[in-house]
Amino acid sequence: MFGTESSLSMFLNTLTPKFYVALTGTSSLISGLILIFEWWYFRKYGTSFIEQVSVSHLRPLLGGVDSSSPSSSSSSSGEADSSRQSVSECKVWRNPLNLFRGAEYNRYTWVTGREPLTYYDMNLSAQDHQTFFTCDSDHLRPADAIMQKAWRERNPPSRISAAHDALELEDCATAFILLAEEEATTIMEAERLFRQALKAGEGSYRNSQQLQHHGAPHEAQHRRDTNVLVYIKRRLSMCSRKLGRTREAVKMMRDLMKEFPLLSMFNLHENLLEALLQLQGYADVQAVLAKYDDISLPKSATICYTAALLKARAVSDKFSPEAASRRGLSTAEMNAVEAIHRAVEFNPHVPKYLLEMKSLILPPEHILKRGDSEAIAYAFFHLQHWKRVEGALNLLHCTWEGTFRMIPYPLEKGHLFYPYPICTETADRELLPTVFHEVSVYPKKELPFFILFTAGLCSFTAMLALLTHQFPELMGVFAKAFLSTLFAPLNFIMEKVESILPSSLWHQLTRI
């Protein structure tokens, strides 16, 4: 026993101050590297790497639940139900005001060198095109057969080349659509191609309409031709809107909604709302909202924030926070504030873009309702309408943060809507170019414990390394005293054991 103590004391006495400097410096470097990696992983994926590894791999090894037990099966079924609910909440929608790839997205790339669309977003668009613009009988018509392959092609030049090949055979509406979307470099050129597509599409629609009841293949072809015609007319109305012919665009949208009232997949009313706001036809906007802002219909940021804008317009020009705090809110002001709170609860990311607290980027081709992608798509087109209403942004600035006091636990319980879905961040990171855009996260995540722990450890060891380098002798004394104190309980226990056990037995144990 005394030999062990003497050897430990001799080992501590032989340690030089350089050893302590190297030890603390190495510890500080390692903890600093861990901190940098943890911070990078948290910024990119929104979770701690150490925590994720612990939950995913170590917990089953340390205390996994038997998968055959009834409780396990019930919990797994509950997790499956929650995952199905999560998937339904995180359904991705086609952006009703999506830009033109050739005339707008590609021009942005040529100027900045950045890609505004993610691969995931473009892949969803390819799936949409195959769903809307193809049918099982396309192989019977050579031009449609070529376009069926073109919509599946990933390489843009190959798609454009295939569209030209199809047009050499006949006037194919979907070929004109592809060229208008991807090859046209201006809106005027895109409009010209869409007018050619309209002429071809109307002919195909009339032919398939006469044969739609002659069997399932003809019915599928008519459904495809209907989708093509609606898409062309909608894009033509958007061309008119972009070229400044807003009244013409509104007329085209109204006629299209009357002609095809059941095709709600394109969300034409959102295009109509934006165009009417540009004309400052607020009474017409209110009439559209009365039809579509219904409890049984799915909401959107466009509907909620447009309703808030109309109510804010009635009071915003004379609104003063100081006067309101003295006399209280009037009925009209209360209605406006409640409408803003309703809109912010539906999508809490929008106000920062409208108030220009966060920079805008080009909107994606698909959006996630209540997510950052929807907020960008809304603010990109509607910021100008909020600026046009005097005092509307001031009223929004004074009242939007009050929403969060009504929903202290937004992931568990909402006020007017369902709880905020937890999957929006993951989906938005797939839809938005995170290379140059910081995805907005709600509710704001606190730093994980392991990042705080490694930051503290790194700071502590760095301080020890600095003190040891500056005062080596003094820190050596402190280190020896610390180690002696650390081993004192062990020495005490060993002495007690030695005093209780017979010396011969203890001698045999030490020899072992």
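# Notebook: helix pairs, loops and cysteines

I put H12 and H13 down as roughly antiparallel to each other. In this notebook, angles over 145 degrees count as roughly antiparallel, under 35 as roughly parallel, 65 to 115 as roughly perpendicular and the rest as oblique.

The model is predicted, so I keep to its limits: local features need pLDDT of at least 70, side-chain atom pairs count only at pLDDT 80 or more, and totals for chains, interfaces and linings use all residues. I number residues from 1 along each chain as its sequence is written, and side-chain values use heavy atoms, with hydrogens and water left out.

**Entry 1: H12 and H13**

I looked up the geometry of the pair. H12 covers residues 246–259 and H13 covers residues 268–278. They pack at an angle of about 155 degrees, with their axes 10 Å apart. For the axes I use lines fitted to C-alpha atoms, for helices over the stretch in contact, and the angles run from 0 to 180 degrees between N-to-C directions. The crossing of H12 past H13 is left-handed. That term means the near helix is turned anticlockwise from the far one by less than a right angle; clockwise would be right-handed.

Next I listed the contacts, meaning heavy atoms within 4.5 Å. From H12 come Thr246, Val250, Met253, Arg254, Leu256 and Met257. They meet Leu268, His269, Asn271, Leu272, Ala275, Leu276 and Gln278 of H13. By class I note eight nonpolar, four polar and one charged residues. Here Ala, Val, Leu, Ile, Met, Phe, Trp, Tyr, Cys and Pro are nonpolar, Asp, Glu, Lys and Arg are charged, and the others, Gly among them, are polar.

**Entry 2: the loops on either side of H13**

I checked asparagine 267, in the loop between H12 and H13. Its relative accessible area is 10%, so asparagine 267 is buried. My cut-offs are under 20% for buried, over 50% for exposed and in between for partly exposed (1.4 Å probe, protein chains only). Leaving out residues up to four places away in sequence, asparagine 267 touches Trp93 and Pro96.

Then I moved to glutamine 280, in the loop between H13 and helix H14 (282–292). Its phi is near 60 degrees, a positive value in a residue other than glycine. Glutamine 280 is at 45% relative accessibility and therefore counts as partly exposed.

**Entry 3: glutamate 356**

I found a positive phi, near 60 degrees, at glutamate 356 too, again in a residue other than glycine. This residue sits in the loop between helix H18 (350–354) and strand S2 (366–368). Glutamate 356 has a relative accessible area of 52%, which means exposed.

**Entry 4: H10 and H11**

I looked up a second pair, H10 (residues 187–211) and H11 (residues 216–242). Their axes come within 8 Å and cross at roughly 155 degrees. That makes H10 roughly antiparallel to H11. H10 passes H11 in a left-handed crossing. In this contact I note eleven nonpolar, nine polar and seven charged residues.

**Entry 5: cysteines**

I searched for disulfides, taken as pairs of cysteine sulfur atoms within 2.5 Å. The count is zero. Cysteine 172 is buried, because its relative accessibility is 4%. Cysteine 304, at 1%, also counts as buried.

**Entry 6: the whole chain**

The protein chain has 25 helices and two strands. These are DSSP runs numbered from the N terminus: helices are H or I of at least four residues, strands E of at least two. Of its 512 residues, 44% count as buried. Among contacts between residues at least 6 apart in sequence, 70% join residues at least 24 apart.
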